[in-house]
Amino acid sequence: MKSLCAALAALALTTAPARAADRVTLMLDWFVNPDHAPIVLAQDKGYFADAGLEVEIIAPADPADPPKLVAAGRADLAVTYQPQLHLQVHEGLPLVRVGTLIGTPLNCLMVRADGPVATIADLKGRKIGFSVSGVEQAIVSALLRPAGLTLDDVEMVNVNWSLTPALMTGQVDATIGAFRNFELTQMRIAGGEGRCFFLEEEGLPAYDELIFVANRDRLDRDRVARFLAAIERATQYMLNHPDEARAVFAAHAPDLSDALNTQAWTDTFGRFAVSPAALDHGRYARFEAFLKDEGLIDAVLPVERLALDPGAAE
């Protein structure tokens, strides 16, 4: 009788309906590329599923949309940029950083290697292309200051995301907003050669280039913590099995094995946050102070308004 009961209990377990996975909608900041490698790996290796999540990954039609969709409750999470988060919170959007994807700046001031700009001082009287207003002008202003220059000494030109073509054709003499892990290779493939002035080497505070944001008013800490645990597991897999991880990533879509994405994988590899949920309070406080000094915000918000670790005690 005991063996029969045990068998019936085992049968009940195997035939019981599986618990439905929690759905998560994730908006990327751009089309899928090596910046998103841990996300792709967590999906394709089944780490999200292991965490009880069904994650829908969406590339935006407009890179400015993802944080707005999260703020409006139309997406659960978005990949965005720390500098933009500060301004959006000050604008009243109910956003909060819940994790880090890439924990170093990627943005740089890019010039032609054979062009007229060898030092920051050489930017005087020249044109600088940009895509996103606000933060990028503040960054340029801070870059110029040690050279005794101001924004009045340069002409800022909105090139609408065409950073590399604008630089290569001579429309501008430099660009801000170019990612060092992409645009330098993109320029080389197109037959040119670029050079970057790295922001964190020019006196600007370091920051997290790519972060995960959620709606503060709708935050599900448990679901977000499970999401980030899967991202961390994928990042560890990349570090432990780089060749296998590269193969899984390249198989995700045909263009991810082209020359640009292959080199970008190498140039991005060591920049992913190994503990995505962990929060560096000082980093957010310093960037908030930087924006205040540059006149982009009127008052400094406490870090708790901007960022949190979803696994920490409330």
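Q: Is Arg23 buried, exposed or partly exposed, and why?
A: Arg23 counts as partly exposed because its relative accessibility is 45%. Buried means under 20% relative accessible area, exposed means over 50%, and partly exposed is in between (1.4 Å probe, protein chains only). Keep in mind that this is a predicted model: local features need pLDDT of at least 70, side-chain atom pairs count only at pLDDT 80 or more, and totals for chains, interfaces and linings use all residues. Residues are numbered from 1 along each chain as its sequence is written, and side-chain values use heavy atoms, with hydrogens and water left out.

Q: Ok, and which side chain does Arg23 meet in a salt bridge?
A: That's Glu56, at 3.5 Å, N to O. A salt bridge here is a side-chain nitrogen of Lys or Arg within 4 Å of a carboxyl oxygen of Asp or Glu. Arg23 is in strand 1 and Glu56 in strand 2 (residues 53-58), 33 residues apart, so the pair links distant parts of the chain. Helices (H or I, at least four residues) and strands (E, at least two) are DSSP runs, numbered from the N terminus.

Q: How many salt bridges are there?
A: The count comes to twelve. One of them joins Asp22 and Arg223 at 3.6 Å, N to O. Asp22 lies in strand 1 (residues 22-27) and Arg223 in helix 9 (residues 221-240), so that pair ties together parts 201 residues apart in sequence.

Q: Asp22: buried or exposed?
A: Buried, at 16% relative accessibility. Arg223 is partly exposed, at 25%.

Q: Switching topic. What order do the strands of the open sheet come in?
A: The five strands run 7-6-8-5-9, with mixed pairing. The edges are strand 7 (155-158) and strand 9 (194-198), each pairing on one side only. Two strands pair if DSSP finds at least two bridges between them.

Q: How many bridges join strand 5 to strand 8?
A: Five, and the two strands run antiparallel. Leu109 stands opposite Ile176 in strand 8.

Q: What about helix 6, why is it described as largely enclosed?
A: Ten of its ten residues are buried, so helix 6 is largely enclosed by the rest of the structure. Those buried residues pack against helix 5 (82-90), helix 12 (281-293) and strands 5, 6, 7 and 8. Contact means heavy atoms within 4.5 Å.
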